[in-house]
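Q: Could you walk me through how the features of a model like this one are read, beginning with the aromatic rings?

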Amino acid sequence: QALLRAHHVAIARRLRQGLEAILHAAGFPAITTGDGPVFSLHFLASAPRTYRDTLAANAGHTAAFVMGMLAEGILLLPDGRWYLSTAHSETDIERTL
């Protein structure tokens, strides 16, 4: 079970880092926060420290991102939260990115 957890955390880290890198390369300030396979994507230049900080995220960018991912067949929660499960594979992560 420890190996499964380590793999789960590793693919979540790959997704989080990949999302940030792709969005930064496209000129968008974006950062992920959370713990392992449960995280949020924020269109902010720096990591929020409080819930109130998250309210400064660019809601237009978030909505456009969520709708763009939906057009690609990936359903996201509208508030930017992500949940990975043990059913997600490295191939799923690469396809998502």
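Q: Which residues do ring pairs link into a cluster?
A: A pair of aromatic rings is described by the distance of the centres and the angle of the planes. Here rings of Phe, Tyr and Trp (its six-membered ring) pair if their centres lie within 6.5 Å, with planes under 30 degrees apart counted as stacked, over 60 as edge-to-face and the rest as tilted. In this structure, ring pairs link F28, F43 and F65 into a cluster. The model is a predicted one, in which local features need pLDDT of at least 70 and side-chain atom pairs count only at pLDDT 80 or more, while totals for chains, interfaces and linings use all residues. Residues are numbered from 1 along each chain as its sequence is written, and side-chain values use heavy atoms, with hydrogens and water left out.

Q: How many aromatic pairs does the rule give, and why is the pair of F28 and F43 classed as it is?
A: The count comes to 3 aromatic pairs. For F28 and F43 the ring centres are 6.2 Å apart and the planes stand at 80°, so this pair is edge-to-face. The pair links distant parts of the chain, with F28 in the loop between α1 and β1 and F43 in the loop between β2 and α2 (51-54), 15 residues apart; helices (H or I, at least four residues) and strands (E, at least two) are DSSP runs, numbered from the N terminus.

Q: Is F43 buried or exposed, and how does F28 count?
A: Buried means under 20% relative accessible area, exposed over 50%, and partly exposed in between, with a 1.4 Å probe and protein chains only. F43, at 6% relative accessibility, counts as buried, whereas F28, at 32%, counts as partly exposed. F43 also forms an edge-to-face aromatic pair with F65, at 5.9 Å centre to centre and 65° between the planes. That pair joins the loop between β2 and α2, where F43 sits, to helix α3 (residues 59-71), which holds F65, 22 residues apart.

Q: What is the order of the strands in the sheet?
A: Two strands pair if DSSP finds at least two bridges between them. The open sheet of 3 strands has the order β1-β2-β3, with antiparallel pairing. β1 (31-35) and β3 (81-83) stand at the edges, each with a single partner strand, so one side of each lacks a neighbour in the sheet. β1 is joined to β2 (residues 38-42) by 5 bridges, and T32 stands opposite L41 in β2.

Q: What is S40 in contact with?
A: Contact means heavy atoms within 4.5 Å. S40 is found in strand β2 and is buried, with a relative accessible area of 17%. Leaving aside neighbours within four places in sequence, S40 is in contact with I31, T32, T33, G80 and R81.
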